[in-house]
Every structure is written in C-alpha cells, then in structure tokens.
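The entries follow the order in which I looked things up.

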Amino acid sequence: MLTDPIVALATPPGRSAVALIRISGRGVFALAASCLSPFHVEPARTVFRAQLRHPASGEAIDDSLACCFPGPHSYTGEDVVEISTHGGLVVPGAAVAALVAGGARPAEPGEFTRRAVLNGKMDLLQAEATADLIDAGAPAQRRRALQQLERGLSARLEALRGEILDLEALIAYEIDFPEEDEGPVAPDRVRRAWSVARERVAGLLATAPEGERLREGALCVIAGRPNAGKSSLFNALLGTERAIVTEIPGTTRDAIEAPAVIAGFPFRLVDTAGLRQSQDRVERLGIEGSQRYLAASDLVLLCEEVGGGGRSGEWTDPVSDAFLSQVRSPVLRVRTKVDLDPIQRPSVHPSDVCVSAVTGEGLDELKRRLAAEAFGRLLQLGDVEPVVTRARHRAALERALAELDGFEAARSAGVDAAATATHLRAAVTALDDLIGVVTPDDVLDRVFASFCVGK
Ligand SMILES: Nc1nc2c(ncn2[C@@H]2O[C@H](COP(=O)(O)OP(=O)(O)OP(=O)(O)O)[C@@H](O)[C@H]2O)c(=O)[nH]1
Ligand SMILES: [Mg+2]
C-alpha cells in the first residue's frame, strides 16, 4: 500500500552535529534523485555520500549521507529514504524545504508509525510502545516500553486470544450436536478452559493501575504540619534546592510539583503547605491546595519531626491525621530531622522511616520504600511479565472480562450453546481491538495524537 510521499525531520531542531530527515511513500526514490547527486537505490540499505541541492534553484544545501530502504523492508513498509545532514538551525530546515519543493508533503505527527501499522509492520501496541520509549524519563519506563515494542504484551494477548478460540471450538461441538445430553465435550473441560482464560485476563487487568502509573509517574504528596521539614525532604529527594526552606512555620504556601526518578521509577513529587487550622487567608488557600493534592495522590509521605512531639517520640500529630482521614492512598510515615534527636529514635514505630535532610541519612531507605509502595506489583513481576499501561488497554480487557463472565452466566442459566458462544466472539474482538488487528480510523487518530513529528 503506497501512499503520497511525506517528509519530516526525525531529530529535534536545534544545534547538533547531525540531523536525520526521512521521506516515505510513493515515488520517494525519484523525488530524492531530484535533490541528491549522486543517487542510487542499489545497493539497498547502504549509506552513500551525496550533495543535497534545491531541485528548482540548484542551490547547494549540504554535503550529506543518504540511505534507501525499498518497501516492504522499511520502517513504514513503503519506499523510504533517510538523509543525514549537518545539524543546527538552518541546514535541516533548508533540506526539508528542498524535499518539499521536490514533491513531498510535511508529515503529520506519528504519520510514519501510522503507516507502519497500516502496512502490518507493527501492531498498535508496538506503535504505542514506540511513543513510550521516546517519552521515557525513567529506566523502568524504558524497560517496559522496550518489552512492549518487542511484542511482550502482543504475544501474551495472542496466546490468550488462542485460548478463547479453543474454548469456542469446544462449544462448537455442542452447537453441532445439541440433542445429545452428554455431548462429546465434558462440561468440566469447558469450565476449566474458561476459568484459565478468565484468570489470565483478570491477571493482566490487575497490572493496569501500576502500569498506567508507570507511564504517568506516581503522584507522591509530601504532607505534615508546618515546619515538619517537608520542603527540605522534597529538595533532598530531588537533589536540588527547588523549594524555599526557612525556620518559620507556614513557609510553603503554593504546592510545588516536580518530576523525579526514584529507584529507577518515575514520580511526581509534590511539596505542600503545612497542615494546620489557620486564620491567615493566604495560608488557608495553600492548605486547601494541599488537600486537593492529597485527594489525587497515589502515595502520601506524612512528615513529623522525630523529637517534635511528645516525650516518647511517638506520633503526635492529630491535625494531620484529621486532614488525612479523607485520603484513600497509602500513607508512609516519615520521621524527619533525626540528626537533631537521635535519643528518641528507638521508640519510633518500626514501620516509620527516619530521615535527615541535612545528613542524607535514611534517604536511600525512603526511596526504596517509595518504589515498593507505588510500584510493588511491577517490582514483583519483573521486566519479563507483560503489563498494560494505558486506559485503552484497561477498557479492552474489562470488555473481554465482562464477556467471559457473560459466557459463564449464560451457560449456568442453561442458555443454548450458540448464544453463549457470542460472548466468546465478543471477547476475542475486544482482544483484537487491543492488539490492533483491524483498527478503525478514530482509534488510530487517538493513539497517534500524542506522537512527535518524524516518528
Ligand atoms: N537539623 C535539621 N534541620 C532540618 C531538617 N529538615 C528541615 N530542617 C529545618 O527545619 C526547618 C523547617 O524546614 P522546612 O523544610 O521549611 O519545613 P516545612 O515542613 O516545609 O515547613 P512549612 O513549609 O512551613 O510547612 C528549617 O529551619 C530547616 O532547616 C533536618 O533533616 N535536620
Ligand atoms: Mg515548606
């Protein structure tokens, strides 16, 4: 399927040693030949040096390298030429303009990958993984995206699809021999096959919360009463002096959000205004902001100074506890400023983490706990087990699960075999949509909306 020629700069604009330009589609070899000399398709996939010129004016633009990928053995499945030019602010733009003058159209975001999907070079899950790999900001995101790009998730879903098809085949016997009381397939066998498939769908679905969190970053809110050392901890976790720290209680007013990679996982750390009953209008607004963040959080770090409370070093913060009573996410208690009062430490609750933003003590332990709390299931699964990472995946699996349950309910109710089988068909369709076997245009539009140009 060859379509109109498109061109895009595949590398980001700006000062760099080289830039990569791609053209793909019908007639791109002739188009490239009008701008590059010498130009030859053969030997394919071999780099050669060529002068790049404007096809109309003949003006020399760059001394470049070019490489031809005849379809279908290319990224898009179409004829593709990749041209490496010098980087910087002027050369790549002039090179793209020359190729446009030669007849190429500037590509839409994600258009190359979209063509790859339409031409069967990759499925929709791989296309999403391509975007995730480019967007990865933490090692765990990169590993997960690469696993999905290498068809980890696709292969698992295909196996699952196969199991449901097998189940459909078992049911087909009953459809063909409806009069026989005890058909050729024991009901137990159907039930077992159903239960295995259901467990697998449910298992994958259970990875969705942490999988989606992996793409977006876990929202970790640092809360506690004024002066508890929240901003200091925030800065220590980020490794920069991002938030203002003073000895005056009520220093932080506006919540500050910053991305952070902790133990290889992506987090969005939030420093908040200290929790207390306040008459100050500005501070009250700040505290309301803290509460909004708390409500949306994936995880709360509740801070209290280790020597700040009662004599025993126990938790003494009823105000924060009252604020937190509305919070549904897990709360990790952090005892701060342990450098100040080491004597109190033995009486601290064993699950509390003791840290000092001044000496750095306890920070590694806290980071480990954060990763375990926000991504424990992923840590347990390791990098080999597939995980679903998008709302689109979750919706499709929920649909498949509902159909499998519908199948079992219909069977229990004594519905005839042909009617129960429609549920299995629908479950298979849900998985097909997820992998992207036949994908309607609007789904493609949504998937590729967030892509960068040139991918
Ligand atoms: N010795 C010591 N002092 C600390 C530590 N962490 C914070 N402090 C001090 O405690 C005071 C308050 O620190 P902040 O980080 O501003 O506390 P906060 O919880 O953000 O306070 P608010 O924004 O007012 O709610 C400052 O004087 C810090 O220098 C620590 O680990 N050790
Ligand atoms: Mg603060």
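**Aromatic rings.** I began with the ring criterion: rings of Phe, Tyr and Trp (its six-membered ring) pair if their centres lie within 6.5 Å, with planes under 30 degrees apart counted as stacked, over 60 as edge-to-face and the rest as tilted. I searched the whole structure and found three aromatic pairs. Phe 39 and Phe 48 are edge-to-face, at 5.9 Å centre to centre and 75° between the planes. I noted Phe 48 as buried, with a relative accessible area of 8%; buried means under 20% relative accessible area, exposed over 50%, partly exposed in between (1.4 Å probe, protein chains only).

Next I took Phe 265 and Phe 375. Their ring centres are 4.7 Å apart and their planes at 15°, so this pair is stacked. Phe 265 sits in strand S10 and Phe 375 in helix H12 (residues 363-381), 110 residues apart, and the pair links distant parts of the chain. Helices (H or I, at least four residues) and strands (E, at least two) are DSSP runs, numbered from the N terminus. Phe 265 counts as buried at 6% relative accessibility. Phe 375 is buried at 0%. Ring pairs join Phe 265, Phe 267 and Phe 375 into a cluster.

**Ground rules.** I kept in mind that this is a predicted model, where local features need pLDDT of at least 70, side-chain atom pairs count only at pLDDT 80 or more, and totals for chains, interfaces and linings use all residues. Residues are numbered from 1 along each chain as its sequence is written, chains are lettered from A and ligands numbered from 1 in the order in which they are written, and side-chain values use heavy atoms, with hydrogens and water left out.

**Strand S8.** I checked burial along S8 (residues 218-224): seven of its seven residues are buried. Which residues cover the two faces of S8? On one side I listed Ala 218, Cys 220, Ile 222 and Gly 224, and on the other Leu 219, Val 221 and Ala 223.

Then I looked at its partners; two strands pair if DSSP finds at least two bridges between them. S8 and S10 (residues 265-271) pair in the parallel sense over five bridges. Ala 218 stands opposite Phe 267 in S10. S8 also runs parallel to S11 (residues 299-305), joined by five bridges. There, Ala 223 has Leu 302 as its bridge partner.

**Open sheet.** I traced seven strands in the order S3-S4-S5-S6-S2-S1-S7, with mixed pairing. S3 (36-37) and S7 (105-106) stand at the edges with a single partner strand each, so one side of each is left without a neighbour in the sheet. S3 and S4 (residues 48-53) run antiparallel and are joined by two bridges. Leu 36 has Leu 52 in S4 as its bridge partner.

**Magnesium.** The magnesium ion (ligand 2) is coordinated by Ser 231 (OG) and Thr 252 (OG1), at 2.0 to 2.1 Å. Ser 231 lies in helix H9 (residues 230-238) and Thr 252 in the loop between H9 and strand S9 (256-262), so the pair ties together parts 21 residues apart in sequence. Donors are N, O and S atoms within 2.8 Å of the metal (3.2 Å for Na, K and Ca); water is not among the atoms, so sites may look incomplete. Ser 231 and Thr 252 are both buried.
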